[in-house]
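Thank you all for coming; I would like to walk through one model this morning, starting with its charged pairs and ending with its pockets. Please have the sequence and the structure open as I speak.

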Amino acid sequence: MRFICLANSNKHGGRCIAGIDEADNWIRPVSSNQKRAINKEIRTIDGTEPQIMDILEVRIYAHGPAEGCQRENKLLKDGLWKRVGRIEPNELLKHCEDDGIILHNHLDYVRAVCFSVIPDRQWKSLQLVHNENVTFERDFHDKSKWRASFADGKGHNLNLAVTDPVACEKLERGERISKNCLLTVSLGPAWSPNKNTAKRCYKFVAGVVELSNSEII
């Protein structure tokens with residue numbers, strides 16, 4: 001299976017990698033471990049991390065553990081990963097979905113119970129959006145983390161955790177990230193801080209691609 005890598009984000013000590021295949025479908029290769037994270041030994045190619053916009057070739061099964069909301073998950077088969085090409089940022093614009101809500105609603109999360117009433121063929125946990133007014137700021141509760149603020153296609157404001165390590169490292173160095181960028185928004189499995197709180201599936205920014213004005217057609 002070949003796909004354009006649109007996310008290589010931090011996840012439980014490993015990485016969550018996702019992208020769009022040649023049929024324009026989202027896929028998220030996952031491992032068989034409990035957290036589904038992909039460790040370094042599996043994902044590295046010639047000693048380097050897969051990068052956003054790389055075209056990757058991996059061996060996967062047709063199905064995978066959906067984790068209650070992630071129908072794009074595909075279980076990895078054994079085998080080396082390959083990097084077979086790379087695309088330019090403007091080539092991603094045709095894959096964007098900007099004219100409506102992001103991942104089921106206008107909130108920063110989706111209640112887990114919602115997926116019990118939505119047919120699983122309609123589940124969606126990955127979306128690429130283009131926004132020209134994204135701002136990045138430190139997380140108010142944890143200054144070691146970063147968040148992205150932007151509006152969806154209906155004008156609802158979102159403030160999401162950023163898990164793209166490349167973007168976070170750039171922000172930590174004090175470098176500026178353009179407001180004009182592509183964001184891969186991902187939806188995580190249901191989570192609750194305690195047994196008395198209803199579970200939620202939170203949205204986060206798993207991939208960031210900066211655009212220049214000349215790349216907007």
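Let me begin with Arg-2, Glu-57 and Lys-82, which are linked in a network of salt bridges, a salt bridge being a side-chain nitrogen of Lys or Arg within 4 Å of a carboxyl oxygen of Asp or Glu. Before I go further, this is a predicted model, in which local features need pLDDT of at least 70 and side-chain atom pairs count only at pLDDT 80 or more, while totals for chains, interfaces and linings use all residues. Residues are numbered from 1 along each chain as its sequence is written, and side-chain values use heavy atoms, with hydrogens and water left out.

A search of the whole structure finds 14 salt bridges, and I will take up a few of them. In one of them, the side chains of Glu-72 and Arg-28 meet at 3.9 Å, N to O. This pair links distant parts of the chain, with Glu-72 in the loop between strand S4 (54–57) and strand S5 (73–75) and Arg-28 in strand S3 (residues 26–30), 44 residues apart; helices (H or I, at least four residues) and strands (E, at least two) are DSSP runs, numbered from the N terminus. Glu-72 is buried, with a relative accessible area of 5%, and Arg-28 is buried as well, at 0%; here buried means under 20% relative accessible area, exposed over 50%, and partly exposed in between, with a 1.4 Å probe and protein chains only.

Another salt bridge joins Arg-138 and Glu-172, whose closest N and O atoms are 2.9 Å apart. Arg-138 lies in strand S9 and Glu-172 in helix H2, so the pair ties together parts that are 34 residues apart in sequence. Arg-138 is partly exposed at 34% relative accessibility, and Glu-172 is partly exposed at 41%. Arg-147 also forms a salt bridge, with Asp-139, at 3.3 Å between the closest N and O atoms; Arg-147 counts as partly exposed at 22%, whereas Asp-139 counts as buried at 10%.

That brings me to helix H2. At its start, a side-chain oxygen of Asp-164 reaches to within 2.9 Å of the backbone nitrogen of Val-166. The buried residues of H2 are Pro-165, Ala-167, Cys-168, Lys-170 and Leu-171. What covers these buried residues includes S1, strand S2 (14–21), strand S9 (135–138), S10, S11 and S13. H2 is followed by Gly-174, whose phi is positive, near 85°.

Which residues does Val-162 touch, leaving aside its neighbours within four places in sequence? Val-162, which sits in strand S11 and is buried at 7% relative accessibility, is in contact (heavy atoms within 4.5 Å) with Phe-136, Trp-146, Arg-147, Ala-148, Ala-167, Cys-168 and Val-205. From Val-162 to Val-208 the C-alpha to C-alpha separation is 8.8 Å, although the two are 46 residues apart in sequence.

In the loop between H2 and strand S12 (181–187) we find Ser-178, which counts as buried at 14% relative accessibility. The side chain of Ser-178 reaches the backbone nitrogen of Asn-180 at 3.0 Å, and, not counting residues up to four places away in sequence, Ser-178 touches Phe-136, Glu-210 and Leu-211.

Finally, the pockets. On a 1 Å grid over the protein atoms alone, where a 1.4 Å probe fits, a pocket is an open set of points with protein on both sides within 12 Å along at least five of seven lines, and lining residues have an atom within 4 Å of a point. The largest pocket has a volume of about 1,100 Å³, a volume being the space filled by probe spheres set on the points. It is lined by 36 residues, of which Asn-10, His-12, Lys-145, Thr-163 and Phe-204 lie nearest its centre. The elements giving two or more residues to this lining are strand S1 (2–11), strand S10 (146–151), strand S11 (157–162), helix H2 (165–172) and strand S13 (200–210).

The second largest pocket holds about 350 Å³ of space. Its lining has 19 residues, of which Gln-51, Ile-52, Asp-164, Val-166 and Val-208 lie nearest its centre. The elements that give two or more residues to this second lining are H2 and S13, and the largest share, five residues, comes from H2.

Definitions and conventions: A polar contact is a pair of N or O atoms within 3.5 Å; within protein, one must be able to donate a hydrogen and the other to accept it, and residues adjacent in sequence count only if both atoms are side-chain atoms.
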